[in-house]
Amino acid sequence: MHYHIDFLPFVCNACSGVFCIEHRSRESHSCSEVPLKKEVLTSGGSTSYQCTFEDCKGKELLPVLCPHCQNNFCLAHRHQDDHKCEKLETPKPRMAATQQLVKNIVESKKALPASKGRRGAKSSATAAKVALMKLKLHADGDKGLPQTERTYFQVFLPKEAKDGSLPMFFCSRWSVGKAVDFAASLAKLKNNNNILTAKKLRLCHPQTGEALKMDDTLLSWLAHPESPLYNGGNIILEYLDNDCTELDDVTAYLPQS
């Protein structure tokens with residue numbers, strides 16, 4: 001008789017049996033509640049596992065169980081999206097509500113007649129909030145970053161890049177140099193910043209075109225009261241010669257209002 005003592009029991013959520021760590025998987029304790037669709041191949045008498053997705057004829061030598069619905073699939077249908085998993089979570093209502101809110105704000109601004117006087121500051125603040133909400137819906141970045149440390153930019157890419165701009169988010173505590181490297185990786189740009197004689201990728205002001213110092217942190221620029229950088233705003237990424245400290249013409253990158 002085999003005895004194995006663990007500090008924590010493991011309960012199988014299929015057959016409700018209690019097992020040690022060595023036998024907690026369904027395969028190791030031959031779980032009776034998860035029958036696999038098997039088929040014996042004629043060549044060599046080996047066992048294969050038939051994919052259960054619709055009319056798929058795919059087979060695998062080892063079982064490929066979906067951890068959510070517990071059905072067996074081939075490698076091509078192993079992901080929830082690929083086999084239309086019955087346990088697949090629908091988009092969270094909060095995200096759908098946020099998307100609708102952005103749409104409503106944009107549409108309401110289009111319907112309002114142009115007003116004069118005190119419109120400037122209030123209109124700019126509203127536009128900045130809408131821009132940030134849009135970026136949060138589509139921006140790419142390090143998903144492991146806490147929300148409180150994320151800073152969002154619409155990054156306008158070098159002139160030779162395939163895309164004109166991409167929404168990205170960075171850690172506010174990163175140096176400008178690290179943000180440059182991360183943006184280059186996301187946009188799949190050539191980055192020769194470690195080569196002394198090569199042109200360098202630099203992040204530049206969206207208004208003045210001045211190149212940000214590589215050792216400064218993003219937070220230091222965001223916190224400066226006169227800085228043109230803000231969470232949800234624009235920033236320019238471009239190749240500059242080593243002795244160049246700013247862009248010649250920022251209007252070549254940013255859309256004209």
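Which residues does Lys 200 touch, not counting residues up to four places away in sequence? The answer is taken up in point 4, after an outline of the chain.

1. The structure is a predicted model. The mean pLDDT of the chain is 78, and 74% of its residues reach 70 or more. Confidence is highest in helix H3, at a mean of 93, and lowest in strand S3 (residues 38-40), at 45. The pLDDT is below 50 over residues 36-43, although this stretch has 21 contacts in the model beyond near neighbours in sequence. Where pLDDT is low, the predicted coordinates should not be read in detail.

2. Overall architecture. The chain has four helices and nine strands. Read from the N terminus, the order of the elements is β-β-β-β-β-α-α-β-β-α-β-α-β. Of the 257 residues, 32% count as buried. Among contacts with a separation of 6 or more, 44% are between residues 24 or more positions apart.

3. The nonpolar core. The largest nonpolar core contains 30 residues, and Val 155, Leu 157, Phe 170, Leu 189 and Leu 237 have the most contacts inside it. Two or more residues each are given to this core by helices H2 (119-138), H3 (176-187) and H4 (218-223), together with strands S6 (150-156), S7 (165-171), S8 (200-204) and S9 (233-240). Helix H3 supplies the largest share, six residues. The surroundings of Leu 237 illustrate how separate parts of the sequence meet: leaving aside neighbours within four places in sequence, its contacts include Val 155, Leu 157, Val 180, Ala 183, Leu 189, Leu 201 and Leu 203. In soluble globular proteins, nonpolar side chains tend to be buried together.

4. Lys 200. This residue lies in strand S8. In reply to the opening question, Lys 200 touches Asn 192, Asn 193, Ile 195, Glu 238, Tyr 239, Leu 240 and Asn 242. Lys 200 is buried yet has no salt bridge, and the nearest side chain of opposite charge, that of Asp 241, is 8.9 Å away. A polar atom of the Lys 200 side chain does, however, lie 2.9 Å from the backbone oxygen of Leu 196.

5. Asp 241 and Lys 199. Asp 241 forms a salt bridge with Lys 199, with 4.0 Å between the closest N and O atoms. Asp 241 is in the segment after S9 and Lys 199 is in the loop between H3 and S8, so the pair ties together parts 42 residues apart in sequence. Asp 241 is partly exposed, with a relative accessible area of 43%, and Lys 199 is likewise partly exposed, at 48%.

6. Further salt bridges. The count for the model comes to four salt bridges. One of them joins Glu 54 to Lys 84, whose closest N and O atoms are 3.4 Å apart. Glu 54 lies in the loop between strands S4 (47-50) and S5 (59-60), and Lys 84 in the loop between S5 and helix H1 (93-111), so this pair ties together parts that are 30 residues apart in sequence. Glu 54 is exposed, at 57% relative accessible area, and Lys 84 is exposed at 61%. Another joins Arg 173 to Glu 149, at 2.9 Å between the closest N and O atoms. This pair links distant parts of the chain, 24 residues apart: Arg 173 is in the loop between S7 and H3, and Glu 149 in the loop between H2 and S6. Arg 173 counts as exposed, at 54% relative accessibility.

How values were computed: Residues numbered from 1 in each chain as written. Predicted model: local features only at pLDDT ≥ 70, side-chain atom pairs only at ≥ 80, totals over all residues. Heavy atoms only, no water. Core = buried A, V, L, I, M, F, W, Y, C linked by side-chain atoms within 4.5 Å. Buried < 20%, exposed > 50% of the residue type's maximum accessible area, 1.4 Å probe, protein only. Contact = heavy atoms within 4.5 Å. Lys, Arg positive; Asp, Glu negative; His and termini not counted. Polar contact = N/O pair within 3.5 Å; in protein donor to acceptor, adjacent residues only side chain to side chain. pLDDT = per-residue confidence, 0-100.
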